[in-house]
Amino acid sequence: NQGEAGVGVLLGLSGFYRQRIGDQSGWSLDWGLQGRKYRDEIYDSATASLRLGVHHRQNQTHWSFGTFARQIWRKDEDDNVTIGLDAAVERYVSDRHSFFVNAVVEERQYPHSAGSDASFYSSQEGLRFTPAADKQLTFGARFDANRPDTRHRACDRGA
């Protein structure tokens with residue numbers, strides 16, 4: 001495979017519904033639609049997503065978790081359907097500093113690509129610093145793992 005330079009257009013529309021549950025908690029329904037268009041149509045795609053989640057804030061800790069679904073239609077027929085779970089915890093140690101941990105587990109199905117169906121795992125850990133209301137710095141690490149049905153599509157790291 002060799003990359004190809006080009007310029008495209010990305011258009012999207014998203015929305016949400018938020019409902020409080022008491023003073024410190026709530027739930028939300030988030031949705032999104034987006035399309036990508038390129039001069040070479042083989043790279044065109046459309047994405048629809050939906051997420052249902054809950055969140056809670058207690059003292060200096062904020063946590064959330066949710067479930068989501070995503071459908072991607074691609075002109076090159078590498079379409080996929082994803083369902084998953086996500087969770088996050090953030091602990092504020094001052095007005096401007098916090099530690100966070102995020103995790104995502106997804107199950108991806110590729111209807112036109114035999115053997116590509118995969119479980120996907122991702123986690124992030126780090127420190128967030130907010131020097132001003134319009135500025136934020138994030139430091140941390142991210143780990144991703146992909147376990148496709150066919151071994152030759154996997155990436156093994158280590159000895």
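## A salt bridge to start with

Arg74 and Asp76 join their side chains in a salt bridge, at 2.6 Å from N to O. The term covers a side-chain nitrogen of Lys or Arg within 4 Å of a carboxyl oxygen of Asp or Glu. Arg74 is partly exposed, at 35% relative accessible area, and Asp76 is partly exposed too, at 33%. Those labels follow a simple scale: buried is under 20% relative accessible area, exposed is over 50%, and partly exposed is in between (1.4 Å probe, protein chains only).

A word on what you're looking at: this is a predicted model, where local features need pLDDT of at least 70 and side-chain atom pairs count only at pLDDT 80 or more, while totals for chains, interfaces and linings use all residues. Residues are numbered from 1 along each chain as its sequence is written, and side-chain values use heavy atoms, with hydrogens and water left out.

Side chains of opposite charge can pair when their charged atoms come close. Take Asp134 and Lys135: they form a salt bridge whose closest N and O atoms are 3.5 Å apart. Asp134 is exposed, with a relative accessible area of 64%, while Lys135 comes in at 48% and is partly exposed.

Some salt bridges share partners, and in that way Lys37, Glu41 and Asp44 are joined into one network. Within it, Asp44 and Lys37 form a salt bridge with their closest N and O atoms 2.8 Å apart. Which of the two is buried, Asp44 or Lys37? It's Asp44, at 12% relative accessibility; Lys37 is partly exposed, at 43%.

## The sheet

Now for the strands. A strand here is a DSSP run of E with at least two residues, and strands are numbered from the N terminus. There are 8 of them in an open sheet, in the order 1-2-3-4-5-6-7-8, with antiparallel pairing. Two strands pair if DSSP finds at least two bridges between them. In general, strands of a sheet pair through backbone hydrogen bonds, either parallel or antiparallel.

Which strands stand at the edges of the sheet? They are strand 1 (8-21) and strand 8 (135-148); each has a single partner strand, so one side of each has no neighbour in the sheet. From one strand to the next, the twist averages 15°. The angles behind that figure run from 0 to 180 degrees between N-to-C directions, with axes taken as lines fitted to C-alpha atoms.

A hairpin of 2 residues links strand 7 to strand 8. Going residue by residue, Ala118 sits opposite Pro148 in strand 8, and Ser119 has Arg147 of strand 8 as its bridge partner.

Strand 7 also pairs with strand 6, again in the antiparallel sense, over 12 bridges. Here Glu106 has Phe120 in strand 7 as its bridge partner.

## A look at Ala103

Ala103 belongs to strand 6 (residues 97-109). It's partly exposed, with a relative accessible area of 35%. What does Ala103 touch, leaving aside its neighbours within four places in sequence? Its contacts are Leu85, Asp86, Ala87, Ser122 and Ser123, where contact means heavy atoms within 4.5 Å. As for Arg91, 12 residues away from Ala103 in sequence, the C-alpha to C-alpha separation is 15 Å.

## Rings and charges

The structure holds 3 aromatic pairs. Rings of Phe, Tyr and Trp (its six-membered ring) pair if their centres lie within 6.5 Å; planes under 30 degrees apart count as stacked, over 60 as edge-to-face and the rest as tilted. Tyr38 and Tyr43 make an edge-to-face pair, because their planes are at 75°, with the ring centres 6.2 Å apart. Trp63 and Phe65, on the other hand, are stacked, at 5.7 Å centre to centre and 10° between the planes. Tyr38 is partly exposed at 27% relative accessibility, as is Tyr43 at 42%. Trp63 is partly exposed at 32%, and so is Phe65 at 44%.

The charged end of Arg18 sits over the ring of Phe16, 4.3 Å from its centre, and Arg128 lies over the face of Phe100, 4.2 Å from the ring centre. To count, NZ of Lys or CZ of Arg has to be within 6 Å of the ring centre and within 35 degrees of the ring normal.

Conventions:
Helix = DSSP H or I, 4+ residues; strand = E, 2+ residues; numbered from the N terminus.
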